[in-house]
Amino acid sequence: MRLRVFAVAATIPLLVACGGTDAPQATGRGPGMLANLPSCDRVPLDTEPEVDARVTGLVLPDGARVTSVVEQGALTTVEATVRMTPLDVRAHYEGRTDVELLRVEDEVFEAEVLTRAQQRRMYLRAGALCADGTTLTAVVGPDSEDAGLPEFRRG
């Protein structure tokens, strides 16, 4: 009997930790979860050389540091880092008035944004690198449903 009680007592916290209940998530869960990542002082954001990124339709947050621009046919992929969390990146695009926000999703450690600007579309994925640093991958292409931009991840 003691073994069964122990097994149940040990299983319930695991189910809760893994999302095995229908309990609502606490508000503000994102910043608390991101605080568990290493300090950005220990994860350098500026080890790769910065490059010029003159790409029509590319709209990055202020302070973004572009490290790669690759043209592949009609699409251009841009890699960058920024001192923001993915949640901050999402909020940044939601607050912009110079781009049309077509779609946005976030999963705390990652955010995805689809925008329209300068007659182009940009798909951007922001992934947490450290507590307040994020890697950005932007793919810019024609303003079309058939542009070949990456798809949003399905849960």
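This passage walks through the fold of one chain, from its overall layout down to single side chains.

The structure is a predicted model, in which local features need pLDDT of at least 70 and side-chain atom pairs count only at pLDDT 80 or more, while totals for chains, interfaces and linings use all residues. Residues are numbered from 1 along each chain as its sequence is written, and side-chain values use heavy atoms, with hydrogens and water left out.

To start with the overall layout, the chain has three helices and six strands. Here helices (H or I, at least four residues) and strands (E, at least two) are DSSP runs, numbered from the N terminus. Read from that end, the elements go α-α-β-β-α-β-β-β-β. Of the 155 residues, 35% count as buried; buried means under 20% relative accessible area, exposed means over 50%, and partly exposed covers what lies in between (1.4 Å probe, protein chains only). The chain exposes about 9,600 Å², and carbon and sulfur atoms supply 51% of that area. The areas come from the Shrake-Rupley method with a 1.4 Å probe, and for residues only the protein chains shown count as cover. As for contacts (heavy atoms within 4.5 Å), take those between residues at least 6 apart in sequence: 50% of them join residues at least 24 apart.

Next comes the sheet. Six strands make up an open sheet in the order β1-β2-β6-β5-β4-β3, with antiparallel pairing. Two strands pair if DSSP finds at least two bridges between them. β1 and β3 (100–106) stand at the edges with a single partner strand each, so one side of each has no neighbour in the sheet. On average, neighbouring strands here are turned by 15° against each other, direction ignored. Such angles run from 0 to 180 degrees between N-to-C directions, with axes being lines fitted to C-alpha atoms, for helices over the stretch in contact.

Some of the pairings can be followed residue by residue. β1 (residues 65–72) and β2 (residues 75–82) run antiparallel and are joined by seven bridges. Within this pair, Val69 has Val78 of β2 as its bridge partner. The two strands form a hairpin with two residues between them, and Gly73 in the turn has a positive phi of about 65°. Further along, β5 (residues 120–130) and β6 (residues 133–142) pair in the antiparallel sense over ten bridges, and Ala126 stands opposite Leu136 in β6.

What lies across the strands? Helix α3 (residues 86–95) lies across β2, β3, β4 (110–117), β5 and β6, and runs at about 155° to β5.

Back in β1, Thr67 is worth a look. Its relative accessibility is 18%, so Thr67 counts as buried. Leaving aside residues up to four places away in sequence, Thr67 touches Glu48, Pro49, Val51, Glu79 and Ala80. Asp46, in the loop between α2 (29–34) and β1, has 53% relative accessibility and therefore counts as exposed.

Glu94 is partly exposed at 43% relative accessibility, and Arg90 is partly exposed at 21%.

Arg116 lies in β4 and Glu100 in β3, so the pair ties together parts 16 residues apart in sequence. Arg116 is partly exposed, with a relative accessible area of 23%, and Glu100 is partly exposed at 39%. Through salt bridges that share partners, Glu100, Arg116, Arg121 and Asp143 are joined into one network.

Conventions: Salt bridge = Lys/Arg side-chain N within 4 Å of Asp/Glu carboxyl O.
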